[in-house]
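Please keep the sequence and the model in view while reading.

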Amino acid sequence: MKLHKESKGTILVATIAVAVLGFLAVYFLEIWSLIIIIPLLILYGLVFWFFRVPNRDIVDHKENVIAPVDGKVVMIKEVFEDEFLKEKAIQISIFMSPLNVHICRYPVSGKVIYKKYHPGKYLVAWHEKSSTENERTTVAVESLTNHKVVFRQIAGYVARRIVFYCNEGDTSNAGHEFGFIKFGSRMDVFLPLD
């Protein structure tokens, strides 16, 4: 199984914690240590599962908008996007549980024309206010069809680290990675009304 580059620090900490707690359990609890070791190993396996990078065939999308993350669509509605577009747009919000792949991909092909990081709170990711109050990043792409599409990575209650690798002026290719969010979060995509 291939692991994401953002996994290194977390897996190192998890390995040390499992080793130390496992040793202490065996030392102090002897045969009863399995009560602690088995759940520890399951949690340790889930850390690896979280950072997996599945093999995907990335199709070349010139005009289509694609889902930027794996997860569950929790909202589709018309809103006023006031950070970049300054107009009404269709907001699609996708919630990612800790069991989903957390690689963030470009939803459209084109050119990155805006990016900004916003510090903030850590409300639960499915809360509607998390879109404007939580720690988040906003990226805008001018698509190959000359539409402006905005997408936002939003940290959740558990997620404490958002990473995005794009810069203004970069070429975006739909389906290709531009960032990562650790441990449960949300992605909002703002599309033109038409």
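**A guided reading of the chain**

Glu30 lies in the loop between helix H1 (8–29) and H2; helices here are DSSP runs of H or I with at least four residues, strands are runs of E with at least two, and both are numbered from the N terminus. The model is a predicted one, in which local features need pLDDT of at least 70 and side-chain atom pairs count only at pLDDT 80 or more, whereas totals for chains, interfaces and linings use all residues. Residues are numbered from 1 along each chain as its sequence is written, and side-chain values use heavy atoms, with hydrogens and water left out.

Glu30 has a phi near 50°, a positive value in a residue other than glycine. Glu30 counts as exposed because its relative accessibility is 58%; the term exposed applies over 50% relative accessible area, buried under 20%, and partly exposed in between, with a 1.4 Å probe and protein chains only. A second residue with positive phi is Asn146, where the angle is near 65° and the residue is again not glycine. Asn146 is found in the loop between S5 and S6, and a relative accessible area of 60% makes it exposed.

The loop between helix H2 (34–50) and S1 holds Gly71. With 43% relative accessibility, Gly71 counts as partly exposed. Leaving aside residues up to four places away in sequence, Gly71 touches Ile94, Phe95 and Asn100, a contact being heavy atoms within 4.5 Å.

The sheets come next. Strands of a sheet pair through backbone hydrogen bonds, either parallel or antiparallel. In this chain, 7 strands form an open sheet with antiparallel pairing, in the order S1-S2-S10-S6-S5-S4-S8; two strands are taken to pair if DSSP finds at least two bridges between them. Strand S1 (72–81) and strand S8 (171–172) stand at the edges with a single partner strand each, so one side of each is left without a neighbour in the sheet.

Within this sheet, how many residues of strand S10 are buried? Strand S10 (residues 185–191) is mostly covered, with 7 of its 7 residues buried. Ser185, Met187, Val189 and Leu191 point one way from S10, while Arg186, Asp188 and Phe190 point the other way, and all are buried. Strand S2 (residues 87–96) runs antiparallel to S10 and is joined to it by 7 bridges; Met96 has Ser185 in S10 as its bridge partner. Strand S6 (residues 148–155) also pairs with S10 in the antiparallel sense, over 6 bridges, and here Arg186 in S10 is the bridge partner of Ile154.

Further along the sheet, strand S4 (residues 110–118) and strand S5 (residues 136–143) form an antiparallel pair over 8 bridges. In this pair, Lys111 has Glu142 in S5 as its bridge partner. Lys111 is also among the residues touched by Ser172, which belongs to strand S8. Apart from residues up to four places away in sequence, Ser172 touches Tyr106, Val108, Ser109, Gly110, Lys111, Val112 and Val141. Ser172 counts as buried because its relative accessibility is 0%. Ser172 and Arg105 are 67 residues apart in sequence, and their C-alpha atoms are 9.3 Å apart in space.

An open sheet of 3 strands has antiparallel pairing and the order S3-S9-S7. Its edges are strand S3 (103–105) and strand S7 (162–164), each with a single partner strand, so one side of each is left without a neighbour in the sheet. S7 and strand S9 (residues 177–181) pair in the antiparallel sense over 3 bridges, with Ile162 standing opposite Ile181 in S9.

Finally, the chain as a whole has 3 helices and 10 strands, and from the N terminus on its elements run α-α-β-β-β-β-α-β-β-β-β-β-β. The C-alpha trace spans about 65 × 35 × 25 Å along its principal axes. Of the 194 residues, 44% count as buried. Among contacts with a separation of 6 or more, residues 24 or more positions apart account for 71%.
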